[in-house]
Amino acid sequence: MAPVRRATILHADLDAFYASVEQLLDPSLRGKPIAVGPGVVLAASYEAKAFGITAGMPGWRARKLCPTIRFADGHFREYQRLGDEVIEVFRDFTPLVERISIDEAFLDVAGAIHLFGSPAEIGRAIRRRVRTEIGLAVSVGVAQTKHLAKIASQVAKPDGLVVVHPDREREFLNPLPIELIWGVGPATRALLAAKGIHTIGDIADVPTSALQLVLGQAAGSKIGSLAANSDPRRVETDRRASSVGAQSALGRQQATPSLIRSTFGYLADRVASRLRDAGRAGRTITVRVRFTELRSITRSATLPVGISSTLTIAGLATDLAIAAVSGPAGGREITLLAVSVSNLTDEPAWQLELPLGLGDDWRPGSPRGAALRAVDRSVDAVRARFGRDAVGYLTAMSSAHERVPDAFRELAEHHDPPR
DNA sequence: TCTGGGGTCCTAGGACCC
DNA sequence: TCTGGGGTCCTAGGACCC
């Protein structure tokens with residue numbers, strides 16, 4: 001693949017997105033330190049970030065750092081709506097838009113230059129339109145590769161535009177801290193710091209083979225390729241989800257079979273109906289059990305066929321989790337249960353659908369598969385007409401899964417909708 | 001007195017096959 | 001008379017991202 005010596009990849013990233021929307025919706029919040037919360041800081045305004053408040057921080061700590069901080073309730077449907085509108089602005093400039101989350105996307109504008117001007121001019125036009133038409137600040141990075149464009153947009157924040165010319169890349173990268181590299185978090189940063197590596201420029205002195213010894217093969221060559229500026233990834237417009245999952249925080253509770261059964265009844269309902277909506281099924285089911293002190297274990301099973309039946313997923317998840325907590329881990333308190341379905345296939349193998357348990361006889365063509373399909377179809381049909389809450393599965397209808405607003409769950413589900 | 005929910009990708013070891 | 005090498009798939013755990 002011959003390198004194209006032209007910076008035509010844009011990375012556009014909305015600034016402090018959730019918090020900025022809150023300030024947009026409620027003018028009394030503008031210019032003030034606010035967070036979307038309250039239990040956990042989902043997003044912080046720039047005024048709050050100045051106090052050292054970051055996303056993911058516990059609410060009590062944020063209040064300690066900034067006693068006057070105001071917490072806003074999340075308006076999740078508004079986030080989705082405004083995020084969609086911004087993406088539509090991007091699409092006015094090029095069809096080559098790869099949305100990677102609710103508030104950021106890559107654009108390849110190589111084919112748009114003759115219509116709209118240079119990539120830098122397109123970046124400026126995008127920023128202007130998002131500001132005037134929607135009322136939000138979006139930062140834009142322009143470079144030759146996706147990786148570099150993403151770094152540039154980080155440097156551009158807040159509310160800026162940074163263009164990295166192909167022959168100035170080293171000069172741009174060298175002084176930057178390594179944690180600006182996508183995929184370098186606290187653990188990798190600590191490993192590299194122990195070797196005296198703090199900036200991206202420091203990496204240039206280290207052979208890729210040595211990086212791979214410290215970080216593993218993939219991470220090492222990824223960082224090495226950044227140094228060598230050979231990032232071949234193209235902007236992809238049709239990315240599909242490769243797994244579908246759901247989780248529920250439980251506080252602290254004894255891991256009783258009935259708690260596990262009812263929680264997975266609820267979670268499997270969410271996962272399975274999303275799979276069926278997308279016309280997909282999955283062969284691997286993975287369960288995660290989190291204990292206190294954030295320690296967690298996972299258990300998984302891979303089946304010969306894909307499944308998407310609510311009761312099958314609920315049954316398998318329950319079996320896996322009960323087995324996982326009844327060994328040496330028995331009797332401990334748990335704080336979270338999660339289930340995810342991966343190894344996705346396009347066609348749900350209805351005629352091969354399984355009975356309920358791992359230990360059961362689940363040869364293809366069982367009459368039970370047909371029965372499960374009929375149950376799901378009925379539930380899906382009623383919900384399509386009367387709404388999600390009109391009907392449910394018995395195990396899913398009990399108890400305390402309401403601590404997190406469903407709107408937030410639905411928002412997360414729409415980040416990267418499977419098609 | 002360590003918090004929410006939804007994801008992606010990588011690694012190491014083992015089973016199994018040729 | 002148990003030894004070589006390569007590949008694929010699966011499981012469990014971990015790092016990281018939004």
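Val138, Val140 and Val142 point one way from strand β7, while Ser139, Gly141 and Ala143 point the other way, and all of these residues are buried. The structure described here is a predicted model. In a regular strand the side chains alternate between the two faces of the sheet. Because 6 of the 6 residues of β7 (residues 138–143) are buried, the strand is largely enclosed by the rest of the structure.

**Strand β7 and its partners**

- Strand β1 (residues 9–14) runs antiparallel to β7 and is joined to it by 6 bridges; within this pairing, His11 has Gly141 of β7 as its bridge partner.
- Strand β8 (residues 161–163) runs parallel to β7, with 3 bridges between them, and Val163 in β8 is the bridge partner of Val142.

**The open sheet β3-β2-β4**

- A separate topic is the open sheet of 3 strands, which are arranged in the order β3-β2-β4 with mixed pairing.
- Because β3 (43–44) and β4 (70–72) stand at the edges and each has a single partner strand, one side of each is left without a neighbour in the sheet.
- Strand β2 (residues 34–36) pairs with β3 in the antiparallel sense over 2 bridges, and in this arrangement Val36 is found opposite Ala43 of β3.

**Helix α4**

- Helix α4 (residues 76–91) has 16 residues, which at 1.5 Å a residue should span 22 Å, and the 23 Å between its end C-alpha atoms agrees with that expectation.
- The buried residues of α4 are Phe76, Tyr79, Leu82, Gly83, Val86 and Phe90; seen down the helix axis, the buried residues fall within an arc of 125°, so they line one face of α4.
- An α-helix has 3.6 residues a turn, so residues three or four places apart point the same way.
- On the face of α4 turned away from the buried side are the exposed residues Arg77, Arg81, Asp84 and Glu88.

**The surface near DNA strand C**

- DNA strand C is surrounded by 18 residues, of which Ser101, Gly185, Ala187, Thr188 and Thr302 are the closest.
- Helix α9 (186–194) and strand β11 (296–307) each supply at least two residues of the surface near DNA strand C, and the largest share, 6 residues, comes from β11.
- By residue class, this surface near DNA strand C divides into 7 nonpolar, 8 polar and 3 charged residues.

**The loop between α8 and α9**

- Gly185, one of the residues closest to DNA strand C, is placed in the loop between α8 (169–173) and α9.
- Gly185 counts as exposed because it has 10 C-beta neighbours inside 10 Å, where the cut-off for an exposed residue is 12 or fewer.
- The C-alpha atom of Gly185 is separated by 27 Å from that of Gln80, and these two residues are 105 residues apart along the chain.
- Ile181 also has its place in the loop between α8 and α9, but this residue is buried, because 24 other C-beta atoms lie within 10 Å and the cut-off for a buried residue is 20 or more.
- From Ile181 to Ala374 the C-alpha to C-alpha separation is 49 Å in space, with the two residues 193 residues apart in sequence.

Conventions:
Residues are numbered from 1 along each chain as its sequence is written. Chains are lettered from A and ligands numbered from 1 in the order in which they are written. This is a predicted model: local features need pLDDT of at least 70, side-chain atom pairs count only at pLDDT 80 or more; totals for chains, interfaces and linings use all residues. Helices (H or I, at least four residues) and strands (E, at least two) are DSSP runs, numbered from the N terminus. Two strands pair if DSSP finds at least two bridges between them. A residue is near a molecule or strand if its C-beta atom, placed from the backbone, lies within 6 Å of it. Ala, Val, Leu, Ile, Met, Phe, Trp, Tyr, Cys and Pro count as nonpolar, Asp, Glu, Lys and Arg as charged, and the others, Gly among them, as polar. The expected span of a helix is 1.5 Å times one less than its number of residues. The arc is that of the directions from the helix axis to the C-beta atoms.
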